[in-house]
Amino acid sequence: MRHLTAMLACALVAYPLLIAPVTSVLVIAAMALALCALGFLLGTPLVVAGAILALVEYALALWLSGAPPRLVGAALFGVGVTLLLETADFGWRAQRATLGPGVVASQIRHWATFGVIAGTSALVATGVASAASVSVRLPWAPALAATGAAVALVAVAFAVRRRRR
Amino acid sequence: MTTRLTPLVLSVTTVGAWGLVLAVFSGRAELVVVVLPLLLALLVTSRTTAPPDWSITHTISAERVFEGERVTVTVTVVAGQAVALLELFEPLPPGMRVVGGHNRGFFTLARGQRVEWKYEVECVRRGRVSLGTMHARWWDRAGFHAGETAMRAPWQLRVYPSVLPLRRLPGPRRTQSSVGNYVAPSVGEGLEPGDIREFVPGDRVRHVNWRASLRFGRLFVTQYHLERNADVILMLDTLAEAGAAPDTTVDASIRAAAALATAYLARKDRVGLIEYCGPFRWVRPDSGRAHHERLLEALLRADVMFSYVTQEVALVPRRVLPPQALVIAISPLLDARFEKAVVDLAARGFDVMVLSPSPIPLVRRARRASPSVDLACRLWALERKARAEALRRLGIAIVEWNPAEPLQAALGGLVGARRRRAAR
């Protein structure tokens, strides 16, 4: 399971380097990879930090390159981040445990199915949004900021609820 | 039975939020697309999973083992309905250690499927182990949602103290009337030849010594020494202990008691046990295999139990402590109450000897080496030597045993000490 997580982490930090092969992106990539590697040894929160750093690296690469949008790559990157978190979590849980027959195979089947569905859904949603944006002009940046704030608020509320319990 | 969202949901939410924030700051649509699979995964989470229907059964390869032996635990899981991912965990008590496989397992079960899961444990410390609480957690495939429950499938294991091999044992000063392995000075029915005397009517023909009869021209018979057994009382000190489990002084004492009981019973002696833990707990002297098991059961229960009660040895009934018994006191000599009891027994004319498992190497092993520990151990050794000398002056044979070394070597010292004392 760790091989799969390591491959995903390597792919995630390498993709932004293809977009903008500059030193600053490389440094962040190295840091993200190091955090993921430490996460394998010490716990999944470090993998989460590594994933966030990979996102920062991706955003920086996009900002530096100034190239036209690559939506297929972005959808794959999103699927990769989700699978990285899920596989790292499963790998951590399955440490020092007996894995029954078919456990790994069924998990891989699930992740593959999820990857296909999530990637396709993201692309379809993007297509729909693009089509809709032709007719309806939304102020995207404030809308996204509001969505992000709402998600962050939900996350904080969830965290506080867990701690009280 | 409880269900909950897992920390992975928080992780995915955090990463998603970061993605949206970065999308705002960078003004790139790709970062919004990156967040979409994360949001989709969270949407899938909202589906609640029904608690699965499953059952477990336990089997173990042996129900009674000795310390250091291994037991294979087989857990059979049967699913009444399909389970995406079932995690089972069986916590083990401190006296057991997993040596093969794992005591935690993940299973994916189809409806009606039966899965066997095996792991091997080593029994490190004696005791009666009751197990069988299986903690179960079922997960959805993504790992966002989990439910927990615990299930009882009780199984019990008895771990007897390991029996150390012994060849030579300290012999008793006085024997009993039953048949045993000790050659008595008096003559009668036995195997060991003694004197020769003239035949008198009533002697058995098979006792006729034909060589002497032919030489002297008269009938002579060979007399034989009686073979007797002895009563051996093992007196165990459980007033205090030193060292870290599973190598405390009480553990060492119990192993020594088990070895001595096994060896003396093999010599047809009657063996009894007195556990001195403030009040007395005892097993009456007897012989045979059933009694061996009785003694081992009593040793399973033996443990340090703090008590302000101090009973006198005079309270122990005669049938438990017969007057001509050999008393082997097994004590690290940490509590003065036990020493007093030993001196009291010696003063009452009992044949008493002390086997003292030394607490110093056990404590040294449990603590980190330092000059202060070294000095304390040296002072402690001097104090123990002085106490042992005081007991010797009272005529009590005492020998110190380092539990890391074979018990036979220490008992050799005890045999020698008794022989020297008898010669004086």
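**Exercise 1. Two helix pairs in chain A**

Helix α1 (residues 2-19) of chain A packs against α3(A) at an angle of about 15°, and their axes are 8 Å apart. The model is predicted: local features need pLDDT of at least 70, side-chain atom pairs count only at pLDDT 80 or more, and totals for chains, interfaces and linings use all residues. Residues are numbered from 1 along each chain as its sequence is written, while chains are lettered from A and ligands numbered from 1 in the order in which they are written.

Task: Determine how α1(A) and α3(A) are oriented to each other, and how α4(A) and α5(A) are.

Solution. 

Step 1. Helices (H or I, at least four residues) and strands (E, at least two) are DSSP runs, numbered from the N terminus. Axes are lines fitted to C-alpha atoms, for helices over the stretch in contact, and angles run from 0 to 180 degrees between N-to-C directions. Angles under 35 degrees count as roughly parallel, over 145 as roughly antiparallel, 65 to 115 as roughly perpendicular and the rest as oblique.

Step 2. Apply them to the pair α1(A) and α3(A). With an angle of about 15°, these helices are therefore roughly parallel to each other. Their crossing is left-handed (the near helix is turned anticlockwise from the far one by less than a right angle; clockwise gives right-handed). The contact (C-beta atoms, placed from the backbone, within 7 Å) involves A:A9, A:L12, A:V13, A:P16 and A:I19 of α1(A), and on α3(A) A:G50, A:A54, A:E57, A:Y58, A:A61, A:L62 and A:S65.

Step 3. Turn to α4 (residues 71-93) and α5 (residues 103-135) of chain A, whose axes come within 9 Å and cross at roughly 150°. The two are therefore roughly antiparallel to each other, and α4(A) passes α5(A) in a right-handed crossing. Among the residues that meet are A:L76, A:V79 and A:L83 in α4(A) and A:W111, A:A118 and A:L123 in α5(A).

**Exercise 2. Two residues of chain A**

Task: Is A:L84 buried or exposed, and is A:P68 buried or exposed?

Solution. 

Step 1. A residue is buried if 20 or more other C-beta atoms lie within 10 Å of its own, exposed if 12 or fewer, and partly exposed in between; C-beta atoms are placed from the backbone.

Step 2. A:L84 is found in helix α4 of chain A. It is buried because 26 other C-beta atoms lie within 10 Å. Leaving aside neighbours within four places in sequence, A:L84 is in contact with A:T5, A:L8, A:A9, A:L12, A:V47 and A:A51.

Step 3. A:P68 lies in the loop between α3 (44-65) and α4 of chain A. It counts as exposed because it has 6 C-beta neighbours inside 10 Å. Its C-alpha atom is separated by 30 Å from that of A:L35, 33 residues apart along the chain.

**Exercise 3. Where the chains meet**

Task: Which element gives the largest share of the side of chain B that touches chain A?

Solution. 

Step 1. Count the residues: 43 residues of chain B are in contact with 52 residues of chain A.

Step 2. List the elements of chain B that give two or more residues: α1 (7-26), α2 (30-45), β7 (104-109) and β8 (114-123).

Step 3. The largest share, 17 residues, comes from α1(B).

Definitions and conventions
Two residues are in contact if their C-beta atoms, placed from the backbone, lie within 7 Å.
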